[in-house]
Amino acid sequence: MTGPGATARGTRRAERRARTDYTGGVYGSMLAASVVIGAGSLGSYPRTELVLLLVLTGVVFWVAHVHAQLFGAHLAQQGLDRRVVLRVCRDEWPIAKAAVPPAAAVAVSPLLGLDVRGALWLALCVAVAGQVGWSVAAASRAGASPRLMAATASVNLLLGLLIISVKIVLTH
């Protein structure tokens, strides 16, 4: 499809990508890692419960961030309309989206021959990898130098290792 409509849509998509803030993805990945650490006592269906816990926690925090943005920053500065609400929902979506890879890791863990404990560790590692990935994506999108991208990856990896250390301390 070509023409002015297609060009305008392509321009809007490019502008939206340029404005994308990956902070929510980093935050959501750290949140997912924290959920995995806190999920010490799961019930009869631990994998299902952990998948639901990860996804629902991501959605609840997404809603909380949308609410805070709309009724904190935006309402004080400008009125709310449908366009503003949809933009804020879209901008904060990475918080919820970051829970999906760790949840998927838990869901496929039986195919990898992992018990529940192994599934927890896999989800934690996937969450930390997501945290590092989101931070590098943010740095890249901001036009950071390779050195700065490596620095942000290192800092986020260290934060992830700190989260993993907490899990080790709490489970041993």
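1. A quick definition to start: a residue is buried when its relative accessible area is under 20%, exposed when it is over 50%, and partly exposed in between (1.4 Å probe, protein chains only). Asn 156 comes out at 7% relative accessibility, so Asn 156 is buried.

2. Some housekeeping. This is a predicted model, with local features needing pLDDT of at least 70 and side-chain atom pairs counting only at pLDDT 80 or more, while totals for chains, interfaces and linings use all residues. Numbering runs from 1 along each chain as its sequence is written, and side-chain values use heavy atoms, with hydrogens and water left out.

3. On the overall fold, I see seven helices and zero strands; helices (H or I, at least four residues) and strands (E, at least two) are DSSP runs, numbered from the N terminus. Of the 172 residues in the chain, 32% are buried. Contact means heavy atoms within 4.5 Å. Among contacts with a separation of 6 or more, 70% join residues 24 or more positions apart.

4. Helix H7 (residues 146-171) deserves a look. Its 26 residues should span 38 Å at 1.5 Å a residue, and the end C-alpha atoms are 37 Å apart, which agrees; the expected span is 1.5 Å times one less than the number of residues. The buried residues of H7 include Met 149, Gly 160 and Lys 167, and their cover includes helix H2 (23-38) and helix H6 (116-141).

5. Back to Asn 156, which sits in H7. What does Asn 156 touch, not counting residues up to four places away in sequence? The list is Val 26, Gln 131, Val 132 and Ser 135.

6. Now the nonpolar core, meaning a set of buried Ala, Val, Leu, Ile, Met, Phe, Trp, Tyr and Cys residues joined through side-chain atoms within 4.5 Å. The largest has 17 residues, and those touching the most other members include Ala 33, Leu 50, Val 106 and Ile 163. At least two residues of this core come from each of H2, helix H3 (46-77), H5, H6 and H7. Another core, of six residues, lies apart from it and includes Val 66, Leu 70, Val 88 and Ala 96. In soluble globular proteins, nonpolar side chains tend to be buried together.

7. Leu 112 is another story. This leucine lies in the loop between helix H5 (100-108) and H6, and counts as exposed because its relative accessibility is 54%.
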